[in-house]
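Here is a short briefing to read alongside the model. Please keep the structure open as you go.

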Amino acid sequence: MKQADCIIIGGGIAGIQAAIQLGRYKHDIIVIDSAQGRSSIAKAYHNILGWPDGVSGKQLRTLGRQHAEKFGVEFLDDTVKSLDKKQDKFFIRTKNDMDYEAKMIFLGTGITDNIPSIKNIYPTLGTSTYICPDCDGYEIMDKQTVVIGGGNAGAGMALTLLYWSKDIIYVNHSKTKIDDEYREKLKKNQIPVIEEEVCEVHVNAKQQLTAIQLASGKIIEAEKAFTAFKGNKLNNELALQLGVQVNENNHVVIHPRTKETNIKGVWAGGDLVAHSEQVTISMGDGTQAAIWIHKRLLGQPLPYD
């Protein structure tokens, strides 16, 4: 059974940032990554310091791995299936039937977005189709924009996007009920609502969205799109196996300063915890957790011990 000072579960932005910091402390670190995270499909982030022209999640992850590996961090492409604590040690079993033991655990398993299986939509994510208005609302400034969504979630997104563009169309792809309150606001703001499924996203040679095609065959031209559906999945199963506390929305609860959970030796960061789901905040979570993991590994007391 392979042993490590800390095993990081999830090789997304929070996990890799934690790995870099812990590697620089010269601890034995293993990152187990299933490569299914949100950052693995985002083609561009536009609001990160140092990347004025945007950077893809893949590029960030690749550079991050290389950075961490310089300090001896080991990356494993695998999926953790079980996580258990016995006395002061943590035991992991993976999908490939590998067993690991660690003194500390960092959970960076993130969130899985509910993005419908619409033809050509994935190549446009982050470049002309977006999911987060705080990240990418700026990208639709004064542009024709279609919201592909469901029910109140899509209606709320369409109304939010009015801050950047007045040229908004809402396609209720899932045909989920829209409450009267939202319908009135959409009508008041002259946002058309189309109750029909989207079957295809039309793209140009640069994989940029140019239009969407409805199930009826109707084509709606647009420069940009947002998706907005309920049902995003928090990947908190491993946390729950250990008895980690979650809040009413199933986000993992962490100490605001140290990022440790209610289970001693278990830390968390990134989209798994309750915050605004930003790459830069995930980086901060990873670094902050690593600082206190280091202290814990040295046997130093934490503020609440």
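The notes below cover a helix pair, a hairpin and an open sheet.

This is a predicted model, in which local features need pLDDT of at least 70, side-chain atom pairs count only at pLDDT 80 or more, and totals for chains, interfaces and linings use all residues. Residues are numbered from 1 along each chain as its sequence is written, and side-chain values use heavy atoms, with hydrogens and water left out. Helices (H or I, at least four residues) and strands (E, at least two) are DSSP runs, numbered from the N terminus.

**Helices α1 and α7**

- The axes of α1 (residues 13-24) and α7 (residues 279-297) come within 7 Å and cross at roughly 40 degrees; axes are lines fitted to C-alpha atoms, for helices over the stretch in contact, and angles run from 0 to 180 degrees between N-to-C directions.
- This crossing of α1 and α7 is right-handed (the near helix is turned clockwise from the far one by less than a right angle).
- In the contact (heavy atoms within 4.5 Å), α1 contributes I13, A14, Q17, A18, Q21 and L22, while residues from α7 include M283, T287 and I291.
- The residues of this contact divide into 9 nonpolar, 6 polar and no charged; Ala, Val, Leu, Ile, Met, Phe, Trp, Tyr, Cys and Pro count as nonpolar, Asp, Glu, Lys and Arg as charged, and the others, Gly among them, as polar.

**More on α7**

- With 19 residues at 1.5 Å a residue, α7 should span 27 Å, which agrees with the 27 Å between its end C-alpha atoms; the expected span is 1.5 Å times one less than the number of residues.
- Among the buried residues of α7 are D285, W292 and R296 (buried means under 20% relative accessible area, with a 1.4 Å probe and protein chains only).
- The buried residues of α7 pack against β1 (2-9), α1, α2 (57-69), β6 (99-107) and β17 (266-268).
- Just after α7, G299 takes a positive phi of about 85 degrees.

- Strands β12 (residues 198-203) and β13 (residues 209-214) pair in the antiparallel sense over 5 bridges; pairing requires at least two DSSP bridges.
- H202 stands opposite A211 in β13.
- The hairpin has 5 residues between the strands, and Q207 takes a positive phi near 60 degrees.

**The open sheet**

- Its 5 strands run in the order β8-β15-β9-β10-β11, with parallel pairing.
- β8 (129-130) and β11 (193-194) stand at the edges with a single partner strand each, so one side of each has no neighbour in the sheet.
- β8 pairs with β15 (residues 224-228) over 2 bridges, and T129 stands opposite A225.
- Helix α4 (residues 151-160) packs on the sheet, touching β9 (145-149), β10 (168-172) and β15, and its direction makes about 175 degrees with that of β10.

How values were computed: Buried < 20%, exposed > 50% of the residue type's maximum accessible area, 1.4 Å probe, protein only.
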